[in-house]
Amino acid sequence: MLKFLSDVVAAASIPADWIGIRAVKDRSRTCAIRDAHPERNTQHLDHGAMVEVLAHGQFGYSATNNLTQASLAAAMETAYAQAVAASDWSVHRFTTAARPKATGQYVSPHRKGLDALPPGELNQILLQVCDQLKVSDKIAQTTASARSHDIETWFVSSNGSEIYQRDYLIETHFGTIAQDGPTTQLRTDHGYLAQSYQGGWELFPGLDLWQRVQQVGEQAVELLHADNCPDLTATLVLAPDQMMLQIHESIGHPLELDRILGDERNYAGGSFIKLEDFGSLEYGSQLMNVTFDPTVVGELGSYGFDDVGTPATREYLIREGKLERGLGGLESQQRSQVPGVANSRASSWNRPAIDRMANINLEPGDLTFEQMIANIEHGIYMETNRSWSIDDQRHKFQFGCEYGKLIENGRLTRTLKNPNYRSVTPQFWHSLSQVGNASTWDVYGTPFCGKGEPNQLIRVGHGAPVCAFETIEMFGGAV
Amino acid sequence: MAISDELRVAEQVFAQIADAVASVLDMSAHFTLTLSGEDSQFTRFNRARVRQTGTVSDGTLTLTLMQNERTTSAAVPFVGEFETDWPLLKTALVELQTVVPQLPIDPFLVLPEGSATSRTVNRGELLAADAIAATLLPPVQGLDFTGIYAAGLIFRGYADSAGQRHWFESTSYSLDFSLFDAQNRAVKGTFAGSQWQPSRFVDKITQAKHQLTLMARPAKTIERGQYRTYLAPAAVAELLHMFSWGGVGEADLQQGNSAFGLLRQGQSLSAQFTLQENFERANMPRFNSYGEVAPLQLPVIQQGRLVNSLVSSRSAKEYKVPSNYASRGEYLRAPEIMPGSLTADQILPQLDRGLYLSNLHYLNWSDHPNGRVTGMTRYACFWVENGEVTAPIENLRFDESLYHCFGDGLVNLTNFQDTIADIDTYDRRGLGGSCVPGVLVDDFTYTL
């Protein structure tokens, strides 16, 4: 494929400054079970190519799912015409420095292939998950699903780039709704499809699957009769499966350079961060160390190169609370003159690359979970995101969780249902008072990060330890 | 070849492929075949300049095989050439035939039946690709204009083993934009249609510029609390989206996953609130993924009472209730909230003292079983005193139950409706939209 695409580029007749083709082939399979009946068994082959052309300082693109030489040549002509027509109105005159030559390959580490678990066997495992979730007659709904993706990407360009990448992905989920009269409670395996990783079928079913299934079922029923989360302002302790969302919404998105440059203001929004803040702003407490790290084995947003060919490296975004670097690829770095990362990414062949998160992780501290809780006189511990909402500047947020525990005098005591909290991003991160050590650290992922015009959903990973925050406003639902 | 000619070929190729599938399956097998595709132009703007511009040609065939009470499906690319598309689908079909015996029995399997056919072609006239920047940008020079122009052809096809056939195509555009001032305050404009009308564009920009001048006044900081609030149609459309996310679908109601379980248990909303599905004016196929054609109108909430959930034929089998040919996901496809009696000139006097909200942003359930929603105000939102706009507001977080907003807190609805086009472009360009009035609500709750 690399040779075919390179030949297509070499045969181009358009007077462009640069031409690139990114072809993608995504083979996926989805199996979903609800209440021990099959809900969905699908397979999907998607392929196509994004042809991108730089002319007169403007990029133009044309994407097609017809992978013949003639169709790709026509797409080059269209992309060139798009670039020329817009070049008098460019937001920035780009140069080929935004697409330097790169060669190499990346393959997701995996031990088993994606054919190692036949659809029939996968269905049987998921049926069993649904069966075992039904720990009580109060269980009103059980769901279990799994998706696999084998995504190959080939990237070539007129200045000699040749990159091949192959992602193996396994994304799994199970959960249940318990109901008693008008009261319902949701409990899931760390959030919808939060168990999303790179790898093969060695990831599922894992050794602890049945223990997790049992716990999710039992906790759903437990929540039905738990106390409602009280209204109080106290110490909030977040588990890694909620830290994932907290990092994503209040660190990842506000640091995206395209938001700060204004590209996203009509859709996802802008950011409270300004370009001049990089290198000087105290983003949060000194316990806060945040990295952009697409090199973590198995984390969902790992890769060798971004979608314009920039080699991926681990970089600190925030070190000891201080903002160092933005989430921006080469185009945003040219426009902003702010240091960025290799994060020009596209959801597939049919969307242009924009600034995205990949793996954004909060580095561990030095306290065990028990030490952290022992340090707290009064607070609430929350697990698993259930609700999320934040303003278009990534400032005022309100998040809700599935499961809470009251902390009293250094101990976890009563279970709480409907735990929610709200705050404002800078105050929140400055209130970070304890960071758990590596034993409290966990990695989760999501395939649903939405952004861009046209819209794109992309996969990201977030690793974090348990963290504690002081003086946070918390509240429950209607009793 | 012109795009309209290409589409005629695509329609023929789709029919040819459906016939080919039918010819290779034996009598014990059933199938549905759907097609979704587009030829789209996307031009993205920032600061009245072009940020990104390009085209996307995409198409997907989805074949669902049903045999011996089991089912599985496969999706493959569609380019509109039988010699390219049929071999891919045929390979997928062979895989499906291998997989289907491995799967558990699906007791709620919906087999294709009936003889429905339809063909809808909505033609339009769009800006030429090389005229987009040169047409849209000169009128907004000097303004901080940002947003996206999306346009082109969208097509959908359906065929099945019972002989049902449907075709839908629509040529359309949407322009979704914001204007910002130097203090980063903004107003929103969205319009969509099938014929590009220069005067309509200029009118929209003029209206947005006027709203932006109102935003230039010093902003008022609003303390958290409850305020009488006017929600303009675009804001109401955001709340209406929640009715399709764990809302009025039968499966969600049955499985404890609905915000409207309380309605089914006898609670009601305001007698002024009526919600229906209305395909009369919707730029949207009426057929679903089973080839069934929805009724032109279906009342869902009538004078505050839940009179119909959205029931797919799959849910109908599972819960033994009649199907109303909802989509498989049982979401609203052509929702309309019926108007009230509040005239445009009475909005501010009737609001008197409170908040005028043009748009809402980033809504999510904060207490799903009780219908409570949180989200943010966005764009042109104002404080109103003595029936007059006095100041823009800083963005506020709200947290309010739909049972209050459309129930005991509902004062009135406007006597006019706006059509809010679905301009989503996740995976593919959206179709249709909602038809909604503005809503005046007492004691709407703001929390941050």
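Predicted model: local features only at pLDDT ≥ 70, side-chain atom pairs only at ≥ 80, totals over all residues.
**Exercise 1. Determine in which sense strand E3 of chain A and E2(B) pair, and over how many bridges.**

Solution. To place the two strands, take one position: Ser57(B), in E2(B), stands opposite Thr64(A).

**Exercise 2. State how many residues of each chain take part in the contact between chain B and chain A, and give the area buried between them.**

Solution. Begin with the residue count: 89 residues of chain A are in contact with 93 residues of chain B. Next, take the area: about 7300 Å² is buried between the two chains, and carbon and sulfur atoms give 44% of it.

**Exercise 3. Characterise the polar and charged links across the interface of chain B and chain A, and describe the side of chain B that touches chain A.**

Solution. First, the rule finds 10 salt bridges across the interface. One salt bridge joins Arg422(A) to Asp399(B), with the closest N and O atoms 3.9 Å apart, which is within the 4 Å cut-off for a salt bridge. Second, 63 residue pairs are in polar contact across the interface, counting pairs with both residues at pLDDT 80 or more. Third, strand E2 of chain B, residues 49-67, gives the most to the side of chain B that touches chain A, supplying 12 residues. By class, that side of chain B holds 38 nonpolar, 31 polar and 24 charged residues.

Notes: Residues numbered from 1 in each chain as written. Chains lettered and ligands numbered in written order. Heavy atoms only, no water. Contact = heavy atoms within 4.5 Å. Buried area = accessible area lost by both parts, 1.4 Å probe. Salt bridge = Lys/Arg side-chain N within 4 Å of Asp/Glu carboxyl O. Polar contact = N/O pair within 3.5 Å; in protein donor to acceptor, adjacent residues only side chain to side chain. Helix = DSSP H or I, 4+ residues; strand = E, 2+ residues; numbered from the N terminus. Nonpolar A, V, L, I, M, F, W, Y, C, P; charged D, E, K, R; others polar. Pairing = 2+ DSSP bridges.
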